[in-house]
Amino acid sequence: MKLYVPAAFGLEQVVKRQLNKLGYDNCPAFNGRIAVEGGWTDVARINMFIRSGERVLVEVGSFRAATFDELYGGFYSIPWENYLTVHSQILMDGKSVKSTLGAIKASGSVAKKAIIRRLIDKKRLNCRNLDETGPRTIVGFSIYNDEVSVTIDTTGDGLHKRGYRTLAYTAPLKETLAAALIDMSYYFPDKVFADPFCGSGTLPVEAAIKSLNIAPGKNRRFDFMDWKFVPEDAYALALEEAKDGEELSKKVEIYGSDINPEAISIAKYHAKRAGVDGKITFKTMDMRKFSSKEKRGVMISNPPYGERLDSEDEVKAICKDLGVLYKSLPDWNMYILSGYPEFERNFGRRADKTKKLYNANIQCNFYSFLSSKPQKE
């Protein structure tokens, strides 16, 4: 089957490298998706192990359509009886770029009517509609230059929902983005990791999950698990591989701090739910008081900016103080995700690398300030 792993803007290469590490070498990226060929065991593996992909899609058909009639005919030609039952809950999710059919809601309605008509005809049912009381299936269609790609979403709730973050806190960083930031850094388990603005703990938790080789999807369900046509052992094999690969006894030094004691309480709870509470040291502390006896380390953080602070002066002060902190740790690598456009000016130096990303639909830059000798494995 042809599988697609959508990636957020700027993270395509990160997701591609993660797939390469899982053993998938031929992974072309196109239009925000990374393509992989595989079967249902691969669907289960990628859902289980991918750290920064958004979801795993299976392509079930493709055709050209510039009119609603062509769209209806194309959808009707797909063998939906192989993927859906007469009780399936069918949800539509579409997008259109540079195409004649630009009305997504209307296109989705036409497509769903074709799917239901096909199921009724093939099952020889005497009805006009289906009850949709069964398992959920999200049917996606992507129209690009009038070429339609039709998929079913094997994941369901986005892959950023690992299952450990259940308590709300101000401006949380998505788990998939946090994992990508870590992968874009020079952090490895033999180094010290610190986040002085840890909030609800996402970055330290994701660092611990990666260091201990814990599969990010181990503690959640996926939509494909409820589909009868998927081999029963697909998920079981992925879960067994995940458990066998864990390195829970590995020693790591991971620190998370925040000036807000409520944030630290939430972070500790999330770390416990993720199974890494004994691997992270959390502390209520002002960023300005951070220090370390370790010569080398990695600091990755998403400091507050914009609506998270009352004034721009506060944002400037944080930037300047981070610059002072960086100078006090000359052999550390510091990585900052910020949506403040004057970050570098107030930090006091130009970043060695800058990557444009989006955090909760806010354009940000991921700034890399490297030590003189960044160490890889």
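This is a predicted model: local features need pLDDT of at least 70, side-chain atom pairs count only at pLDDT 80 or more; totals for chains, interfaces and linings use all residues.
Trainee: Which element gives the largest share of the lining of the largest pocket?

Mentor: The largest pocket has a volume of about 950 Å³. Of its 36 lining residues, those closest to the centre include Gln-18 and Lys-21. Elements that give two or more residues include α1 (12–21), α5 (175–183) and β14 (362–369). The largest share is four residues, and it comes from α1.

Trainee: How many residues of that lining are charged?

Mentor: The lining of the largest pocket holds 16 nonpolar residues and seven polar ones. The charged residues number 13.

Trainee: Is the pair of Phe-343 and Tyr-367 stacked or edge-to-face?

Mentor: Stacked needs planes under 30 degrees apart. The ring centres of Phe-343 and Tyr-367 are 4.9 Å apart. Their planes meet at 20°, so the pair is stacked.

Trainee: Are Phe-343 and Tyr-367 buried or exposed?

Mentor: The pair links helix α10 (residues 343–347) to strand β14, 24 residues apart. Buried means under 20% relative accessible area. Phe-343 has 1%, and Tyr-367 has 2%. Therefore Phe-343 counts as buried, and Tyr-367 is also buried.

Conventions: Residues are numbered from 1 along each chain as its sequence is written. Side-chain values use heavy atoms; hydrogens and water are left out. On a 1 Å grid over the protein atoms alone, a cavity is a set of points where a 1.4 Å probe fits but cannot get out, and a pocket is an open set with protein on both sides within 12 Å along at least five of seven lines; lining residues have an atom within 4 Å of a point. Grid points are joined across faces, edges and corners, and a volume is the space filled by probe spheres set on the points. Ala, Val, Leu, Ile, Met, Phe, Trp, Tyr, Cys and Pro count as nonpolar, Asp, Glu, Lys and Arg as charged, and the others, Gly among them, as polar. Rings of Phe, Tyr and Trp (its six-membered ring) pair if their centres lie within 6.5 Å; planes under 30 degrees apart count as stacked, over 60 as edge-to-face and the rest as tilted. Buried means under 20% relative accessible area, exposed over 50%, partly exposed in between (1.4 Å probe, protein chains only).
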